[in-house]
Amino acid sequence: MVDLPNCPKCGSEYTYKDGDRLVCPECAHEWNPNEQEQAQVIRDAVGNILQDGDAVTVIKDLKVKGSSNTLKIGTKVKSIRLVDGDHNIDCKIDGFGAMQLKSEFVKKA
């Protein structure tokens, strides 16, 4: 039996080979084992590279879904965490709690 690597996305051990690619039947992730997957670079509104733990400032008034409050321009957010997805920043904001933001609406402080 051939030892295939676990899925890099979900860690499943049930990967299988399909041509020159490997496939995970649990999460449907496909990858080429000969190519190294590059980490996604997340940039703010002006092009600065963001990293976990950075502090950012909101550059536009943002309506908070499910609330009548608005996140005002100039709000400072400390200790961000980068995640995959459409809203690629996880953070806690004083007065609002845990939130997800899009990197296009912040700039590095």
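Predicted model: local features only at pLDDT ≥ 70, side-chain atom pairs only at ≥ 80, totals over all residues.
Reader: What makes the protein chain more spread out than a compact globule?

Author: The chain has zero helices and 11 strands, so that its elements, read from the N terminus, are β-β-β-β-β-β-β-β-β-β-β. Its radius of gyration is 19 Å, whereas the globule rule gives 13 Å for 109 residues; the value is well over the rule, and therefore the chain is called more spread out than a compact globule. The C-alpha trace spans about 60 × 30 × 20 Å along its principal axes. Of the 109 residues, 29% count as buried, and the chain exposes about 8000 Å², of which carbon and sulfur atoms supply 45%.

Reader: Why is I93 counted as buried, and what is it in contact with beyond its neighbours within four places in sequence?

Author: Buried means under 20% relative accessible area, and I93, at 5%, therefore counts as buried. This residue is found in strand β9, and, leaving aside neighbours within four places in sequence, I93 is in contact with L71, T75, V77, M99 and L101. I93 and T75 are 18 residues apart in sequence, and their C-alpha atoms are 8.6 Å apart in space.

Reader: How do you know that β9 is mostly covered?

Author: Four of the five residues of β9 are buried, and on that count the strand is described as mostly covered. In the largest nonpolar core, which has 15 residues, L50, L71, V77, I80, C91, I93 and L101 touch the most other members. Strands β4, β9 (89–93) and β10 (97–101) each supply at least two residues of this core, and the largest share, three residues, comes from β9. As for L50, not counting residues up to four places away in sequence, its contacts are I42, R43, D44, V56, I80, L82, I89, S103, V106 and K108.

Reader: How do you know that β9 pairs with β8 and with β10?

Author: Two strands pair if there are at least two bridges between them. Two bridges join β8 (residues 81–82) to β9, and the strands run antiparallel; L82 stands opposite I89 there. Between β9 and β10 there are five bridges, again in the antiparallel sense, with M99 of β10 as the bridge partner of C91. The hairpin of β8 and β9 has six residues between its strands, and G85 takes a positive phi near 125°; the hairpin of β9 and β10 has three residues between its strands, and G95 in the turn has a positive phi of about 90°.

Reader: Why are β7 and β11 called edge strands?

Author: The order of this open sheet of three strands is β7-β4-β11, with antiparallel pairing. The edge strands are β7 (76–77) and β11 (106–108), each of which pairs on one side only.

Reader: Are C24 and C27 buried or partly exposed, and what makes them so?

Author: The class of partly exposed lies between the buried limit of 20% and the exposed limit of 50%. C24 has a relative accessible area of 1% and is therefore buried, whereas C27, at 31%, is partly exposed.

Reader: What makes S12 buried, and where is it found?

Author: S12 is found in the segment before β1 (16–18). Its relative accessible area is 5%, under the 20% limit, and S12 is therefore buried. Leaving aside neighbours within four places in sequence, S12 is in contact with N6, C7, C24 and E26.

Key
Residues numbered from 1 in each chain as written. Heavy atoms only, no water. Core = buried A, V, L, I, M, F, W, Y, C linked by side-chain atoms within 4.5 Å. Buried < 20%, exposed > 50% of the residue type's maximum accessible area, 1.4 Å probe, protein only. Contact = heavy atoms within 4.5 Å. Rg over C-alpha atoms; globule rule 2.2 N^0.38 Å. Areas by Shrake-Rupley, 256 points an atom, 1.4 Å probe, with all protein chains shown as cover.
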